[in-house]
Amino acid sequence: MADVLYAQTITASAAPVANSPMSMITSFAPFIVIMGLFYFLMIRPQSAERKKKEEQLNAIQRGDRVLTRGGIYGTVADIKENILILKVSESAKIEVEKSYIENVIKP
């Protein structure tokens with residue numbers, strides 16, 4: 001009888017406390033680390049690249065040579081808010097939305 005009582009005391013005292021604040025922090029630590037890595041490896045570089053692209057599009061001026069997403073090279077002839085009029089040859093001009101410019105080639 002004493003052995004059974006002693007065994008119950010040992011198992012009860014050896015059980016981890018599941019509701020302590022420290023055990024909750026250690027169980028969520030890997031998720032916090034993964035989210036931090038995700039932010040620094042994925043989200044932050046994308047937002048920096050998007051900001052750079054936006055600055056590049058806002059700096060477009062007449063006379064700049066541009067490449068559209070469709071692969072058309074042209075020279076900016078006129079700018080109307082979000083629409084660029086590109087001169088693609090001596091007699092052809094096309095209208096392209098500013099967001100469809102892939103690259104700006106400064107002369």
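Does Glu90, at 75% relative accessibility, count as buried or exposed? Glu90 counts as exposed, because its relative accessibility is 75%. Here buried means under 20% relative accessible area, exposed means over 50%, and partly exposed lies in between (1.4 Å probe, protein chains only).

**The model**

This is a predicted model, where local features need pLDDT of at least 70, side-chain atom pairs count only at pLDDT 80 or more, and totals for chains, interfaces and linings use all residues. Residues are numbered from 1 along each chain as its sequence is written, and side-chain values use heavy atoms, with hydrogens and water left out.

pLDDT is the predictor's confidence in each residue, from 0 to 100. The protein chain has a mean pLDDT of 84. In 81% of its residues, the value reaches 70 or more. Helix H1 (residues 2–14) has the lowest mean among the elements, at 52. Strand E4 has the highest, at 96.

**The overall layout**

The protein chain holds two helices and five strands. Both kinds of element are DSSP runs, numbered from the N terminus: helices are H or I with at least four residues, strands are E with at least two. Their order from the N terminus is α-α-β-β-β-β-β.

The chain has 107 residues, and 14% of them count as buried.

A contact means heavy atoms within 4.5 Å. Take the contacts with a separation of 6 or more: residues 24 or more positions apart account for 36% of them.

Strand E3 covers residues 83–87 and strand E4 covers residues 93–97. The two run antiparallel and are joined by five bridges. Strands pair if DSSP finds at least two bridges between them. Five residues lie between E3 and E4 in this hairpin. Leu86 has Ile94 in E4 as its bridge partner.

**Salt bridges**

Side chains of opposite charge can pair when their charged atoms come close. A salt bridge is a side-chain nitrogen of Lys or Arg within 4 Å of a carboxyl oxygen of Asp or Glu. The count comes to three.

| Salt bridge | N to O distance |
|---|---|
| Arg62 and Asp78 | 2.7 Å |
| Arg69 and Glu102 | 4.0 Å |
| Glu90 and Lys87 | 4.0 Å |

Start with Arg62 and Asp78, whose side chains meet at 2.7 Å. Arg62 lies in the loop between H2 and E1 and Asp78 in strand E2 (residues 73–80), so the pair ties together parts that are 16 residues apart in sequence. Arg62 is exposed, at 59% relative accessibility. Asp78 is partly exposed, at 22%.

Next come Arg69 and Glu102, which meet at 4.0 Å. This pair links distant parts of the chain, 33 residues apart. Arg69 sits in the loop between E1 and E2, Glu102 in strand E5 (residues 101–105). Arg69 is exposed, at 52%, and Glu102 is partly exposed, at 42%.

Glu90 from the opening question pairs with Lys87. Lys87 is partly exposed, with 34% relative accessibility.

**A buried aspartate**

Asp64 is in the loop between helix H2 (21–58) and strand E1 (65–68). Asp64 counts as buried, because its relative accessibility is 4%. Its side chain reaches the backbone nitrogen of Gln61 at 2.9 Å.

Key:
A polar contact is a pair of N or O atoms within 3.5 Å; within protein, one must be able to donate a hydrogen and the other to accept it, and residues adjacent in sequence count only if both atoms are side-chain atoms.
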